[in-house]
Structure formats: structure tokens, C-alpha cells
Amino acid sequence: MLSAAQKEQYQRDGYIVIPDFKSAQDIAALRARAAQIVDEFDPTVAQGIFTTKDQEKKADEYFLRSDNTIRCFFEEEAFGADGQLKQAKSLSINKIGHAMHDLDPVFRAFSADPRLAAVARDLGLADAQVWQSMYIFKQPGIGGEVRWHQDATYFETDPISVTTFWFALEDATLDNGCLWAEPGGHRTPLRERFVRNGDDIKVEKLDSTPWPDDSTAVPLECKAGALVCFHGLLPHYSAPNRSPVSRHAYTLHATDANTVYSPRNWIQRDASFPVRGFI
């Protein structure tokens, strides 16, 4: 599926950007279904705010129970001082997570793609297992920052194998909060580990290597339909979206079944809900 040059770039930089991987029709179907899920979401029944800051303190029951179901999360800046939404609900949701790829037929159709299975094999996943899906809205004006992190923090395996498949559902630009990454940063150590024991969450500090800055990081601007693949140790980040334009994206996290998946990772599956691959 990937050319020799693409495989070489992935090994060198820790990421690749594949333009035009998904069609406009594929994107439209996913966006329409996401809008329907948000429309049906009743925030008076359950409410969660997504943040990558102080996760140890802010991981609540609503978040933890989203591991193997479908739930909506608000942007941090969605609410005013009076506790009411400052804009329409449809413009207030940060993301939907975390098992749409298995539980929702439209998301399953988008995710169960033999071409994705082929890309995963080319990137080194001999037997891909998809643990998590997220639909990310990056809302205009209030789209929250996602701090520097490595996805292996949340999906530890031995050896590390987690790989991210990030689909641009709208153009991702410097203005609306595109991804930033550090080329070659996947060769740096795992800095943190997000571990779960029942309902107890903690973030273990593993390595003091500093996060990248503008001197080494590069923006991964791309057009709608592009697929960005990156290594689980690659440091990446996205800035707040202060523009009037949203930056919708859909992301999947997969590991190799031939590696040992940590029993302390926050998402677990058993025989009643087995983890599946891309096909």
C-alpha cells in the first residue's frame, strides 16, 4: 500500500501524510452521523469536559465509562460563568469517544477498510487491533489546545506498537489548530504513562526529556481526506482554534496483537467485547 519512499519517511520522521485517502462521500457520511449523535445527546443527563491538563484530577466516572461505549465531551471553554453554554450545543462539543469504530455502523464502515489494514502492515503492525476511536471537532473560537504528548502514554505495549491513524475531515491549517509534530521524535523515550486501576487513575512520570518547541516542531497542515499516520512515541500537539472555522478529524489507535498489551491501560476488552482489527 505504501511506497518505499513513504516507508522510509515513516522510519525517519515517525509520521507520514497520505493525501486523498478518504473520499468526500466517506467524509460526508461520517460528519452527518457525528452531527446526529450530538443532536441526540442530552447534556442534562450526563456531562463531561475533555481536557489534557491535570488528567489525574479530572478523569471522572463519565470519562472512565466511555472506554467501550459512545459519549460526547464538551470543550473546556463551552460554558459561561453562569454554567450555561455560550453557543449552540453543536458548536460546544469537543469530541465523541471512544468505541464508535465497533458500535456504530457508519463509523464501523469508515474504519473497517482493507486499505487501512494494508497501511498498518506496511507500518509494522503484523496484526492490528483497534482499541479507540475519537471524533474531534476542534470548534471555531473555542477549540481546545491538546498539550504535547505521546500516544503510547495511553496504550502501552511491550514492545511499544501503538500507531495512530488520523483522518482530516476538514482542511487542517495553522489557523484552525492543525497537528504539530517533532520529526524523528519517535526515537525519544516514553515520558509518561497513564494507568488505571479500577476507577483510580494516575499519570506516572517516566522520563524528563523536554517536550519539543518551535525550533524543532513542524506543522502537519493537510487537506480534507488526508490520512496522517504516526508512531506511538512521536511527540505531537495541537494549538487552540481561535479561527471562525472548525477542524473536524477522526482518529483511531491500534496496537499489534503480537505485542503485550498492558493490563494497566485505561481501555481493556474481554471475550464479551473482543478487540478487532481494520477488517
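Biologist: K138: buried or exposed?
Modeller: K138 is buried, at 3% relative accessibility. Buried means under 20% relative accessible area, exposed over 50%, and partly exposed in between, with a 1.4 Å probe and protein chains only.

Biologist: Where is K138 found?
Modeller: In the loop between β4 (128-136) and β5. Strands here are DSSP runs of E with at least two residues, helices are runs of H or I with at least four, and both are numbered from the N terminus.

Biologist: What sort of model is this?
Modeller: This is a predicted model, in which local features need pLDDT of at least 70, side-chain atom pairs count only at pLDDT 80 or more, and totals for chains, interfaces and linings use all residues. Residues are numbered from 1 along each chain as its sequence is written, and side-chain values use heavy atoms, with hydrogens and water left out.

Biologist: Back to phi. What about D20?
Modeller: D20 has a positive phi too, near 55°, and is not a glycine. It sits in the loop between β1 (15-18) and α2 (24-40). D20 counts as exposed, at 67% relative accessibility.

Biologist: Which peptide bond involving H98 is cis?
Modeller: The one joining G97 and H98, with omega about 10°. H98 is in strand β3 (residues 93-98).

Biologist: New topic. How many helices and strands are there in the chain?
Modeller: Seven helices and 15 strands. The radius of gyration is 18 Å, close to the 19 Å from the globule rule for 279 residues, so the chain is as compact as a globular protein of that length. The radius is taken over C-alpha atoms, and the rule is 2.2 Å times the number of residues to the power 0.38.

Biologist: How much of the chain is buried?
Modeller: 56% of the 279 residues.

Biologist: What is the strand order in the open sheet of four?
Modeller: β5-β13-β8-β11, with antiparallel pairing. β5 (146-149) and β11 (218-219) are the edge strands, each pairing on one side only. Two strands pair if DSSP finds at least two bridges between them.

Biologist: How many bridges link β8 and β11?
Modeller: Two, between β8 (residues 179-181) and β11, in the antiparallel sense. A181 has V218 in β11 as its bridge partner.

Biologist: What do β9 and β10 form?
Modeller: A hairpin, with two residues between the strands. Six bridges join β9 (residues 192-197) to β10 (residues 200-205), and the pair runs antiparallel. F194 stands opposite V203 in β10. In the turn, G198 has a positive phi of about 65°.

Biologist: Now R269. Buried or exposed?
Modeller: R269 is buried, with a relative accessible area of 14%. It lies in the segment after β15 (260-261).

Biologist: Which residues does R269 touch?
Modeller: N68, A99, H101, D102, W131, P274 and V275, leaving out residues up to four places away in sequence. Contact means heavy atoms within 4.5 Å.

Biologist: How far apart are R269 and W131?
Modeller: 138 residues in sequence, and 8.4 Å in space, C-alpha to C-alpha.
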